[in-house]
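Dear colleague,

Please read them with the structure open beside you.

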Amino acid sequence: MENQDKTYLKSELKNFWNKQACGTATIDSEKYSLQYFEEIEQHRYDLQPEIFNFAQFTRFHGKRILEVGVGAGTDFLQWVRAGAECYGIDLTPEAIDHVSRRLQLYGLEAKDLLVADAEDLPFVDNYFDAVYSWGVIHHSPNTIKALEEIIRVIKPGGEAKIMIYHRHSLLAFFFWIKHALLKFRPWKSIAWVLWNHMESIGTKGYTIKEFNEILSKYNNLSEYKVGTIYTYYDKLARFPKFMQWIAKVITAFTGREKIGWFLTIEFKKK
Ligand SMILES: C[S@@+](CC[C@H](N)C(=O)[O-])C[C@H]1O[C@@H](n2cnc3c(N)ncnc32)[C@H](O)[C@@H]1O
């Protein structure tokens, strides 16, 4: 897995997300119409209301923000509405097209929106007050390089807010049941299942411990916090009913605190 050719993985990644911008698959309205964008927004925050609490958009009024991996741009819209000076990048023209048209439709403006790679950010060092990235860098072949790029472009005193997938989560475990156990290959790991079956090829999941260890290696970071959020996805709404019941029973024992699918990472740069 990890030794699959990174150029091949990057091109697969780009093709996958360029076919359809993230979060638009269930939307029936005419592409790029107002109704289309409003449905995307409604759907996203119905399922993931936790984003507001995590991102704290309005706290960044007047600040220079970079969003890495804007996708269809629903969170990016919130940064702009909050009065931040907004920069956004995504690997795919499809995403950047979505966000540009969306801003235009609402009469809003961003400072810059670019097709670019999280592993090679086209910005100078120490430039942003904050970098935000939701569900992105675990897809990139070199996640650590993307993290280091995020650290590089944050100003001293600035902060990062990142969400990636959590490997020790209930959802990852049920994904393993579905794609390994029930397919008679129980020797395959959860990491293998995420790599091969979770959205674009090469997706990784990390644990709280792993990411704390990763962050501890950088001596220019402070106040780092790694946690999980229990979300709609952890209720396994897209899995068969019997699995949802098993998940409920497991959650009754474990509690929701540590088993959420979303691994959240926050830190400041010294
Ligand atoms: C799961 S979607 C998330 C999009 C958006 N943040 C959201 O929450 O809806 C993943 C996005 O990350 C982008 N992406 C993945 N790897 C990237 C990279 N190396 N550089 C820039 N964008 C990347 C993809 O193109 C895709 O738009």
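**The sheet and its helices**

Seven strands make up an open sheet of mixed pairing, and their order across it is E3-E2-E1-E4-E5-E7-E6. The edges are held by strand E3 (112-115) and strand E6 (221-229), each of which has a single partner strand, so one side of each is left without a neighbour in the sheet. From one strand to the next, the twist averages 10°. Please keep in mind throughout that this is a predicted model.

Strand E1 (residues 64-68) pairs with E2 in the parallel sense, over five bridges, and within this pairing the bridge partner of Ile 65 is Cys 86 in E2. Helix H4 (residues 74-81) packs on the sheet, where it touches E1, E2, E3 and strand E4 (128-134), and the direction of helix H4 makes about 165° with that of E2. Helix H9 (residues 208-216), for its part, lies across strand E5 (154-165), E6 and strand E7 (262-269), and runs at about 165° to E6.

**The ligand**

There are 20 residues around the ligand, of which Arg 44, Gly 69, Asp 90, Ala 118 and Ser 140 come nearest.

Turning to individual polar atoms, one in the side chain of Asp 90 lies 2.6 Å from an oxygen atom of the ligand. An N or O atom in the side chain of Ser 140 is 2.7 Å from a nitrogen atom of the ligand, while a polar backbone atom of Trp 134 is 2.8 Å from a ligand nitrogen atom. Of the 590 Å² of accessible area that the ligand has on its own, the protein covers 96%. The elements that contribute two or more residues to the shell are helix H1 (6-19) and strand E2 (85-90).

Note on methods
Residues are numbered from 1 along each chain as its sequence is written. This is a predicted model: local features need pLDDT of at least 70, side-chain atom pairs count only at pLDDT 80 or more; totals for chains, interfaces and linings use all residues. Side-chain values use heavy atoms; hydrogens and water are left out. A residue is near a molecule or strand if one of its heavy atoms lies within 4 Å of it. A polar contact is a pair of N or O atoms within 3.5 Å; within protein, one must be able to donate a hydrogen and the other to accept it, and residues adjacent in sequence count only if both atoms are side-chain atoms. Accessible areas come from the Shrake-Rupley method with a 1.4 Å probe; for residues, only the protein chains shown count as cover. Helices (H or I, at least four residues) and strands (E, at least two) are DSSP runs, numbered from the N terminus. Two strands pair if DSSP finds at least two bridges between them. Axes are lines fitted to C-alpha atoms, for helices over the stretch in contact, and angles run from 0 to 180 degrees between N-to-C directions. Contact means heavy atoms within 4.5 Å.
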